[in-house]
Amino acid sequence: MSGKDSDDGGGRDGDAAVVTKTRTRTQRPPLYKVLLLNDDYTPMEFVVHVLERFFGMSHAQAFELMLVVHKRGVAVVGVFSFEIAETKVAQVMDFARRHQHPLQCTMEKE
């Protein structure tokens with residue numbers, strides 16, 4: 001048996017084959033907070049309806065959060081991936097405009 005036959009089979013003249021194993025860590029995508037801002041014109045009932053319709057809240061949850069928006073001026077209404085947050089903001093803004101309300105909805109990186 002010659003030295004060539006006993007090597008790693010790669011045809012390399014005695015070079016040691018180094019296998020490096022890279023551990024791939026799946027990184028979570030950044031999350032975005034969707035914020036609802038208070039104004040002096042949008043009816044509270046409309047805000048409750050928006051929270052129920054677009055954020056899947058019960059009437060009681062939506063009412064509570066609407067009061068937070070009303071008292072503090074702003075509240076986080078959900079945390080989502082970029083695409084979902086962007087869609088929610090667009091849906092709320094479009095819905096508010098169609099009903100002639102100045103309700104503002106924005107998003108920011110968490």
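Reply: Angles under 35 degrees count as roughly parallel, over 145 as roughly antiparallel, 65 to 115 as roughly perpendicular and the rest as oblique. This is a predicted model, in which local features need pLDDT of at least 70 and side-chain atom pairs count only at pLDDT 80 or more, while totals for chains, interfaces and linings use all residues. Residues are numbered from 1 along each chain as its sequence is written, and side-chain values use heavy atoms, without hydrogens and water.

Me: Are helix 1 and helix 2 parallel or oblique to each other?

Reply: Axes are lines fitted to C-alpha atoms, for helices over the stretch in contact, and angles run from 0 to 180 degrees between N-to-C directions. The axes of helix 1 (residues 44-55) and helix 2 (residues 59-72) come within 8 Å and cross at roughly 125°. The two helices are therefore oblique.

Me: Which residues of helix 2 meet helix 1?

Reply: Contact means heavy atoms within 4.5 Å. From helix 1, Met 44, Val 47, Val 48, Leu 51 and Glu 52 take part. Their partners in helix 2 are His 59, Ala 62, Phe 63, Leu 65, Met 66 and His 70.

Me: What percentage of the chain's residues is buried?

Reply: Buried means under 20% relative accessible area (1.4 Å probe, protein chains only). Of the 110 residues in the chain, the buried share is 29%.

Technical notes
Helix = DSSP H or I, 4+ residues; strand = E, 2+ residues; numbered from the N terminus. Buried < 20%, exposed > 50% of the residue type's maximum accessible area, 1.4 Å probe, protein only.
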